[in-house]
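Please keep the sequence and the 3D view at hand while reading.

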Amino acid sequence: MKQISKRTPKLRYAYTVTTALLLGGAAVSLATGFPAGAQVAQNDQAQMNRMVPRSGAPASFADLTAQLQPAVVNISTRQRIQVQQNNPFAGTPFEGLFGGQGSGRPTTREAQSLGSGFIVSADGYIVTNNHVISAEGNGELESITVTMPDGKEYDADLVGKDAASDLAVLKIKGSDPFPFVKFGNSQDARVGDWIIAIGNPFGLGGTVTSGIISAVYRNTGSNGAYDRYLQTDAAINRGNSGGPMFDMDGNVIGINNAIFSPTGGSVGIGFAIPAETAEPIVRKLIAGESIKRGYLGIQINPVTDDLASSLGIARNRGEFVQSVVPDGAADKAGLKPGDVVMKIGGKDITPDQTLSFVVANIEPGTRVPIEVIRNGKRMTLTATIGLRPSEDELANSFNSDDEDGDALSAPSDDDTQSYIADTLGVSAIPLTPEIRRQLGVGSDMQGLVIAAVNASSDAGQKGLSRGDIILSANYRDLNTVADLEGALRSAVNDDREAVLLRIQRRGRPAVYLPIRINR
């Protein structure tokens, strides 16, 4: 079980042993385009009409379960993991007693993972999570085994996988048609609807749990391209990953994916990838097509209370641009750090409809209008959406060096410095040639360098430290300490509760931080 979100550190994958990445899918419909011979889907509507009572709570899930469970499978993998061996007696007279083992040379060990999946065609295509079948760390996947509810095992081939959406498709072969189920329409799901989840928690084998939909299109804060989930209180645990979430018509409306848990077990907060997100990706993986997603090339943050206060705009609307990838789609369109993106392609950007999600689902090459707020003014730009790079390429798009520079002398105590220290919780001094050399910045950089930070202030709590350079305050470039004082006094006079600073740290792209003002 692995934590996958900064803002929700207890969000965990619901599977056993292997750890991997989370994250998200796209939209549309898989239905009955697979060869099924004379066999009818286990969740065919004619079958469902006589399985589930339609008024009020169901008297029992037994008939529904009996109809659907034959299409739900257990998935296990065998992996070869490289590990470093260390001899605890290295350098002592006893070193040779181990025959050279533990000499620091890498060796390998065997590992297993366990999860769930469901068959979507009579000829044996199976949908599961990518993290269920991905090798741990730098390991190598050796085999995948699918176990049917009756205990029969099949060797499975990996047809395709997609890390960004955390989806994978497997294929098994048999002499007879396999029982299968169809995707439903998760867009029709409502909070309070009954659902059942079938999977393989803790390796126990086919297990059924029931509950309701607690939230639709829940954003977990992972900032991924597909951070929209169905939330449920049905018990989902390790090993449920990749298993189906069924509605009362027997349609797959979600793929169980992760849980929020302080203990590793179910506490009634589980997440499933919506069918409308998963279905088109599954179709493309089966067809052998590549998954293409839109990409702007910006680093963004949500508009928090402090950020909204510093900008004087409504909270929970739009997303804030921290930095822009050079020569990317956003850069070519004219987006700048400090912009707040309010709409793209006519769609409002909100916590439930994030910029990453909207852009990822726009076809690369499409020209779209982008409505932004810049320095308090609304303006519209036009961008040609780019092709989203791989996850590894994305990780290298922004430098994240952690070096600091902090060989600075404290500023003299005068009225201006006292006001800044009392209001902002920092002391700042101009960039001198000596400080520029110490910090490794060029003569073209303008701003004030932080010489001291009050650890109990909001600035200290948000990570500002000695050697950080304040480039601007509320979009006003800073050259002197008086400039910073003026920006702070203006914010106080405007009854702002925070001031927006643009901060440059050594080896990192400049970022904006809203810092609360002490009055």
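The model is predicted; local features need pLDDT of at least 70, side-chain atom pairs count only at pLDDT 80 or more, and totals for chains, interfaces and linings use all residues. Residues are numbered from 1 along each chain as its sequence is written, and side-chain values use heavy atoms, with hydrogens and water left out.

**Strand pairing**

Helices (H or I, at least four residues) and strands (E, at least two) are DSSP runs, numbered from the N terminus. Two strands pair if DSSP finds at least two bridges between them.

Strand β20 (residues 367-374) has an antiparallel neighbour in strand β18 (residues 340-344), to which four bridges join it. Here K343 has E371 of β20 as its bridge partner. Eight bridges link β20 to strand β21 (residues 377-384), again in the antiparallel sense, and V372 stands opposite M379 of β21. A hairpin is formed by β20 and β21, with two residues between them; in its turn, N375 has a positive phi of about 50°.

Strand β25 (residues 469-473) is largely enclosed by the rest of the structure, because five of its five residues are buried. Buried means under 20% relative accessible area, exposed over 50%, and partly exposed in between (1.4 Å probe, protein chains only).

| Partner of β25 | Bridges | Residues facing each other |
|---|---|---|
| β24 (residues 448-453) | two | L448 and I470 |
| β27 (residues 498-504) | four | I469 and Q504 |
| β26 (residues 476-477) | two | S472 and D477 |

With β26, strand β25 also forms a hairpin that has two residues between the strands, and N474 in the turn has a positive phi of about 50°.

**Helix crossing**

The axes of helix α9 (residues 415-424) and helix α12 (residues 481-493) come within 10 Å and cross at roughly 45°. Axes are lines fitted to C-alpha atoms, for helices over the stretch in contact, and angles run from 0 to 180 degrees between N-to-C directions. The two helices α9 and α12 are therefore oblique to each other; angles under 35 degrees count as roughly parallel, over 145 as roughly antiparallel, 65 to 115 as roughly perpendicular and the rest as oblique.

**Aromatic contacts**

The structure holds six aromatic pairs. Rings of Phe, Tyr and Trp (its six-membered ring) pair if their centres lie within 6.5 Å; planes under 30 degrees apart count as stacked, over 60 as edge-to-face and the rest as tilted. Y229 and F271 are both buried. Elsewhere, F320, Y475 and Y512 are linked into a cluster by ring pairs.

Charged side chains also meet rings. A charge sits over a ring if NZ of Lys or CZ of Arg is within 6 Å of the ring centre and within 35 degrees of the ring normal. K171 lies over the face of Y125, 5.3 Å from the ring centre, and the charged end of R489 sits over the ring of Y419, 3.7 Å from its centre.

**A buried glycine**

G199 is part of strand β9 (residues 194-199) and is buried, with a relative accessible area of 3%. The C-alpha atoms of G199 and S241 are separated by 7.5 Å, although these residues are 42 residues apart along the chain.
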